[in-house]
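The following exercises concern the architecture and side-chain contacts of one protein model. Please examine the sequence and the structure before reading the solutions.

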Amino acid sequence: MNISLFYSPGSCSLAPHIVLNEIGEPFKLRKFSTANSDNFSAEYLAVNPKGRIPALQIDGFTLTENAAILAFLGRRFPNSGLYPPEHSEA
């Protein structure tokens, strides 16, 4: 599995970074500093045309909103215990 987190220091990308560490799967960090407007570079806009940080790629599939990224990781890696099990509301 190939996982990459596109992040910027001091941004909300810290949350998925922590979750990825807790999950324990190997992943790559790709730094695009919002302070330097790196998130508007052609390279990053190819990942996320809106230029927003963070973005997560897993085997070519890209997610770009923090809430969606966190929910996806919780569901994709249920053994991590970071997301409630299905039907836990009952």
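**Exercise 1.** Determine whether G74 is buried or exposed, and state where G74 lies.

*Solution.* G74 is buried, its relative accessible area being 7%; buried means under 20% relative accessible area, exposed over 50%, and partly exposed in between, with a 1.4 Å probe and protein chains only. G74 belongs to helix α3. Helices (H or I, at least four residues) and strands (E, at least two) are DSSP runs, numbered from the N terminus.

The model is predicted: local features need pLDDT of at least 70, side-chain atom pairs count only at pLDDT 80 or more, and totals for chains, interfaces and linings use all residues. Residues are numbered from 1 along each chain as its sequence is written, and side-chain values use heavy atoms, with hydrogens and water left out.

**Exercise 2.** State in which order the strands of the sheet are arranged, and which strands stand at the edges.

*Solution.* Step one: four strands make up an open sheet with mixed pairing, in the order β2-β1-β3-β4; two strands pair if DSSP finds at least two bridges between them. Step two: β2 (28-31) and β4 (61-63) each have a single partner strand, so one side of each lacks a neighbour in the sheet. Step three: on average, neighbouring strands are turned by 20° against each other, direction ignored. Step four: β1 (residues 3-7) pairs with β3 (residues 55-58) in the antiparallel sense over four bridges, and Q57 in β3 is the bridge partner of S4.

**Exercise 3.** Describe which strands helices α1 and α3 lie across.

*Solution.* Helix α1 (residues 14-23) lies across β1, β2 and β3, at about 155° to β1. Helix α3 (residues 66-76) lies across β3 and β4, at about 30° to β3. Axes are lines fitted to C-alpha atoms, for helices over the stretch in contact (heavy atoms within 4.5 Å), and angles run from 0 to 180 degrees between N-to-C directions.
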